[in-house]
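Biologist: Could you take me through this one, starting with the pocket and then moving on to the helix packing?

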Amino acid sequence: MASADVPLLFLDVDGPLIPFGGPPPGGHRTYPGPGSGPDGNPLLARVDPALGPRLLGLPCTLVWATTWLEDANDCLSPRLSLPRLPVVDWPVADEDGPEHPGDPHGLHWKTRPLLARAGGRPFVWVDDEITPADRRWVDAHSPARALLHRVDPQRGLGEADFTAIETWLHAA
């Protein structure tokens, strides 16, 4: 498969990798490690290191799609044993940027930039804020296959999520 045909996987951090909100029954699992101690970010302890090999095993190109920007490479890639990944640079001066979350079509502010970044390639977007409006818009505007996969932010990326993503990736 040519690299232009390899699907992209746009990966958000807060929600998919760092569960948040009211804890699920039994509480949030923690995985102590670098950067998560008293002097670091306590939420990093919620990042399951086993997710890294699972993500690397997917037949796609991983791309950080998060407001963490390069901090995702600095803080999360080492915890997950991931190489440095490409990062989506979000628009900051127009109506689709993070500081202007409103959209007349009810789209998430990431939707249009991710479709543009995909550049006609098939893609998966893994996030906890995807809505039916985002799915409809991508279905109507993407020239390639796309899976917008919403993750439960209280639980984070889990087995059922990987099954759905792997099924979609292998159906190409």
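**Pocket and helix packing**

Modeller: Bearing in mind that this is a predicted model, the largest pocket has a lining of 20 residues, and those nearest its centre are Tyr-31, Asp-48, Arg-155, Gly-156 and Leu-157.

Biologist: Which elements give two or more residues to that lining?

Modeller: Helix H1, covering 51-56, and helix H5, covering 159-170, are the elements that give two or more residues to the lining of the largest pocket.

Biologist: And what is the volume of the largest pocket?

Modeller: The volume of the largest pocket comes to about 380 Å³.

Biologist: How do the residues of its lining divide by class?

Modeller: In the lining of the largest pocket, nine residues are nonpolar, six are charged and five are polar.

Biologist: Switching to the helices, at what angle do H3 and H4 pack?

Modeller: Helix H3, residues 111-118, packs against helix H4, residues 132-141, at an angle of about 30°, and their axes lie 11 Å apart. Because angles under 35 degrees count as roughly parallel, H3 and H4 are described as roughly parallel to each other.

Biologist: Is the crossing of H3 and H4 left-handed or right-handed?

Modeller: The crossing of H3 and H4 is right-handed.

Biologist: Which residues meet there?

Modeller: From H3, Thr-111, Arg-112 and Leu-115 meet Asp-134, Trp-137, Val-138 and His-141 of H4. Sorted by class, this contact of H3 with H4 has three nonpolar residues, two polar and two charged.

Methods: Residues numbered from 1 in each chain as written. Predicted model: local features only at pLDDT ≥ 70, side-chain atom pairs only at ≥ 80, totals over all residues. Heavy atoms only, no water. Axes fitted to C-alpha atoms, helices over the stretch in contact; angles between N-to-C directions. Helix = DSSP H or I, 4+ residues; strand = E, 2+ residues; numbered from the N terminus. Parallel < 35°, antiparallel > 145°, perpendicular 65-115°, else oblique. Left-handed = near helix turned anticlockwise from the far one by under 90°. Contact = heavy atoms within 4.5 Å. Nonpolar A, V, L, I, M, F, W, Y, C, P; charged D, E, K, R; others polar. 1 Å grid on protein atoms, 1.4 Å probe; cavity = no way out; pocket = protein on both sides within 12 Å on 5 of 7 lines; lining within 4 Å. Points joined across faces, edges and corners; volume = space filled by probe spheres on them.
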